Amino acid sequence: MTIINSTDKTAEVVKEQISNWSEVYRLKYYFKHEQGLAFARRCAICEAKSDFIGFLDDDNLPYPNWVAEAYKFGQTHVNAGAYGGQIHGKFEVEPPPEFEIIACFFALIEGNKTYCYNEKYKHPQKKMFPPGAGIVIRKQAWLESVPERQKITGVSGESLSTKSEDIEMLSYIFYAGWELWFNKDMNIDHKIPKSRFERNYIIYIILFFQGVGLSRYQTKMIAYEPWHFFVLPAYIINDLLKVMVHFMKYRNVITTDIV
């Protein structure tokens with residue numbers, strides 16, 4: 001477990017657990033002074049002794065066979081630099097209408113077939129990566145591909161403005177030639193309380209959407225040389241067209257429908 005310089009009593013809780021730990025596998029605590037999920041991930045990668053490192057959020061409930069399936073998949077797919085699986089919503093209340101439109105931003109993904117993202121999403125405008133929640137990283141792929149310091153530091157405290165460090169991380173691995181996969185046999189339940197569907201919370205995560213949107217310009221440029229700056233105006237124009245199409249499609253409900 002890596003702690004991101006938190007200000008709560010997480011360190012005390014973990015150390016107490018370690019003192020009473022009786023499992024055959026070891027529980028360790030590492031402190032990272034720099035705040036941001038990207039720093040915590042790198043700390044975990046460097047300290048891990050395994051060839052594969054899995055990352056779970058605090059509201060993720062992996063199925064009993066998740067670790068076994070993750071390890072088996074990594075062993076049989078030697079070119080897989082990173083891979084995730086199914087993330088099912090464990091809802092406290094029924095999601096609002098049209099929730100499926102934004103379900104991916106709640107790190108929810110399901111499917112009955114295993115596939116390689118490199119093959120399924122070849123078109124640059126439709127490129128997709130697995131969610132950071134429940135992601136498994138091949139240590140070799142990370143060490144060979146991801147720089148010492150990422151441009152996007154990731155979630156820190158209540159701040160969502162530096163989100164998308166996972167997309168940046170996976171972009172480096174992808175463009176270094178490693179494969180990214182969806183493994184249908186890895187399953188996680190994602191606990192989503194009713195507070196996540198309240199208007200104030202969804203308004204709050206507008207900051208999350210802003211962070212994701214702005215970070216796309218940084219992550220897209222990973223595929224290009226520095227002198228390819230001329231592609232930026234094309235991306236900006238494309239995004240402006242998307243905004244116009246979205247507004248025309250939902251103009252009658254855009255001020256009343258929170259989704």
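**A cavity and a helix pair**

Good morning. I begin with the largest cavity, whose lining is made up of A38, F39, R42, W142, V146, P147, E148, R149 and Q150. Please keep in mind that this is a predicted model.

How much space lies in the largest cavity? The volume is about 50 Å³. The structure holds one cavity of 30 Å³ or more. Sorted by class, the residues lining the largest cavity are five nonpolar, one polar and three charged. Helix α2 gives the most to this lining, with three residues.

That brings me to helix α2 itself. Two packed helices are described by the angle between their axes and the distance between the axes. Helix α2 covers residues 37-47, and helix α6 covers residues 165-175. Their axes come within 9 Å and cross at roughly 50 degrees. Angles from 65 to 115 degrees count as roughly perpendicular and those under 35 as roughly parallel; α2 and α6 are therefore oblique to each other. The crossing of these two helices is right-handed.

Which residues of α2 and α6 meet? On the α2 side they are L37, A38 and R41, and on the α6 side E165, D166 and M169. By class, this contact has three nonpolar, three charged and no polar residues.

Thank you for your attention.

Technical notes: Residues are numbered from 1 along each chain as its sequence is written. This is a predicted model: local features need pLDDT of at least 70, side-chain atom pairs count only at pLDDT 80 or more; totals for chains, interfaces and linings use all residues. Side-chain values use heavy atoms; hydrogens and water are left out. Axes are lines fitted to C-alpha atoms, for helices over the stretch in contact, and angles run from 0 to 180 degrees between N-to-C directions. Helices (H or I, at least four residues) and strands (E, at least two) are DSSP runs, numbered from the N terminus. Angles under 35 degrees count as roughly parallel, over 145 as roughly antiparallel, 65 to 115 as roughly perpendicular and the rest as oblique. A crossing is left-handed if the near helix is turned anticlockwise from the far one by less than a right angle, and right-handed if clockwise. Contact means heavy atoms within 4.5 Å. Ala, Val, Leu, Ile, Met, Phe, Trp, Tyr, Cys and Pro count as nonpolar, Asp, Glu, Lys and Arg as charged, and the others, Gly among them, as polar. On a 1 Å grid over the protein atoms alone, a cavity is a set of points where a 1.4 Å probe fits but cannot get out, and a pocket is an open set with protein on both sides within 12 Å along at least five of seven lines; lining residues have an atom within 4 Å of a point. Grid points are joined across faces, edges and corners, and a volume is the space filled by probe spheres set on the points.
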